[in-house]
Structure formats: structure tokens, C-alpha cells
Amino acid sequence: MNRLRNLLLLFAFITTPAASLKGAVSVDPAREAVNGSLRGVAVTNAVTWPQDRTALGAGASWWYDWKLDTALDDPAYVPMAWWGQVPPFCPPILLTGNEWNVNFAPWGERVEPAEAARRVLAIEQACPNTRQVALGLSADHWGNAGGWDGEIYLRTFLRAYRTQSGRAYRGTIALHCYAMNTADYCMRRLTRMTRAVKAYRGPWWLTEAAILNGNAVEFRRLITFALPRFERVAAYTPRLPGDCAALDWCAAFVGSGVELVGPDGQLTTIGLEWTKH
């Protein structure tokens, strides 16, 4: 319990908005026409995934599990090279990296932007026809905890990539964002990152997103905001593993409201919201 409390306290500290970011963000669903973004899920429970996938229907049009599974023959599956390692095969799409701006194991392991650029380029050279969706950056300001602010990291990565390759990055960028109670925090941070980084004009994916207290109204606001702005959006998560409390990376989510599917295999209130859009 102390570990869970400490993790949540750290998350609250990291996600406290700076003074320049104060103020609510207003999104009018009637004016924000959803553009058909592909909705997917970040899957943490392999045991229940077949059942959860059926329950989610169109809300699970693609999925990933942070792994580079060479045995899966599923066109909806997107593999991940967590460390940016050159994969043993060249998939059509590859997620490269996971929260490299975070210095807080086991959720993220800090990788400096210049090294991130080197790893992305190595995969490009080995798999020239693979579409890389790089970085999986946390949109938070992890500079308060030994990491990088997401926006600063991205700017630095793009400069390093240009220096090493002699050209601008032409792949896709992925972001992550979690809000404790309301969607406003993620709406501010994601807007800031996608608008402020002028050196990048490519598509964006949002590959982890959740409202940690499970508020369905706030979750609806977050996805109404995200779907028109991101080419793909993945909700976290269908169901947590059964032994979640014993897993370091998972313990902080015990008792949270992130699950789209309940223990009975039925959609939760946020799962119902996810399948509506």
C-alpha cells in the first residue's frame, strides 16, 4: 500500500500543471467532428484478451502489448521495439521506444535524445519499408524527477535526428498521457506538444491514454478531444492482469478506473464510452 501511495504521489507531482498551463480547455463535441481515427488498445492481460477483444468490437481495431512478438499472425497487432533494438523481422508498422523521457523504472527507462535518434536511424536502415511510430513519449514534465519534459525531449530528438541523418524526421511520433481526475490536463499537455514542435509536421499517434479515476464523463471529453487530432488512439487498458498488485509496473493501477472491461467480461462505463466513438 505504501508503494502504491508513493507512486500516486509522484504521479500527482509530475502532472501538476505549471502556472502557464492553468485554465480549462473547452471542447464542443458538436464542433469537433471525429475524423475516423483508428481506435485501439494497449493490452496488459493476455489471458483475458480474446474475450475482451470481442467485447470491445470496433474499439479494438488495432492493439499492442509492448512486445516484439514474432509468432503473432494478426494484422491488427502492432509490435514494439521497447529499447529501440533492430527487430529480427521488418513489420509493416513498428512502435519504437517506450517513454524514453521518463527516469522512473519500471514504467520508463531514460534514453537520451541523441541515442534515441541513433536507434531510430538504425531501424530505418535495417527496415526501410517499415513505418516507425517512434518514442511513445510521456506528455508529462518529468524534468522534476530526473527525466525530461516531453516537449523539450521531442525538440532535442528532432535536432539530433537531423544532425545524424542530414534530413528531417519523416516517421510518426507517439505520445502518452494520463490524467488523475479530469481530461483538461491531457488536453493542455497534448495540445502544447503537437502545436509547439514546429520542426515536425508528420502524423501523431496517442498510444496510451486514460483517466485514472475512471470518470466516464472526463474519459468521453478526452477521447472526443483526441480522436480528431491523432491518427490512431489507444486506450489503456482492457483489463489489468490478475496478479496486478504483485507487479511493480502495475501496482499503482490497483483500484483505479482504467479498465475498459470488468471482471465479468462486460464493458465498464468507460468501455461503453470507448465503443460509442
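**Rings, cores and a charge**

Mentor: This model holds 17 aromatic pairs, where rings of Phe, Tyr and Trp (its six-membered ring) pair if their centres lie within 6.5 Å. It is a predicted model, in which local features need pLDDT of at least 70 and side-chain atom pairs count only at pLDDT 80 or more, while totals for chains, interfaces and linings use all residues. Residues are numbered from 1 along each chain as its sequence is written, and side-chain values use heavy atoms, with hydrogens and water left out.

Trainee: Why is the pair of Trp63 and Tyr77 called tilted?

Mentor: Planes under 30 degrees apart count as stacked, over 60 as edge-to-face and the rest as tilted. The ring centres of Trp63 and Tyr77 are 4.7 Å apart and their planes stand at 50 degrees, so the pair is tilted. The two residues are 14 apart in the chain, with Trp63 in strand β2 (residues 62-64) and Tyr77 in the loop between β2 and β3 (80-81); a strand here is a DSSP run of E with at least two residues, and a helix a run of H or I with at least four.

Trainee: How do you know whether Trp63 is buried or exposed?

Mentor: Buried means under 20% relative accessible area, exposed over 50%, and partly exposed in between (1.4 Å probe, protein chains only). Trp63 has 6%, so it is buried, and Tyr77, at 8%, is therefore buried too.

Trainee: What makes Leu154 buried?

Mentor: Its relative accessible area is 0%, so Leu154 counts as buried. Leu154 lies in helix α4 (residues 150-165), and, leaving out residues up to four places away in sequence, it touches Leu135, Leu137, Ile173, Met193, Val197 and Trp204, where contact means heavy atoms within 4.5 Å.

Trainee: Which residues have the most contacts inside the largest nonpolar core?

Mentor: They are Leu135, Leu154 and Phe157, in a core of 56 residues. Such a core is a set of buried Ala, Val, Leu, Ile, Met, Phe, Trp, Tyr and Cys residues joined through side-chain atoms within 4.5 Å. A second, separate core has 21 residues, including Val78, Ala174, Tyr178 and Ala234.

Trainee: What makes Arg232 count as sitting over the ring of Trp62?

Mentor: A charge sits over a ring if NZ of Lys or CZ of Arg is within 6 Å of the ring centre and within 35 degrees of the ring normal. The charged end of Arg232 is 5.3 Å from the centre of the Trp62 ring and sits over it. Likewise, Arg119 lies over the face of Trp100, at 5.6 Å from the ring centre.
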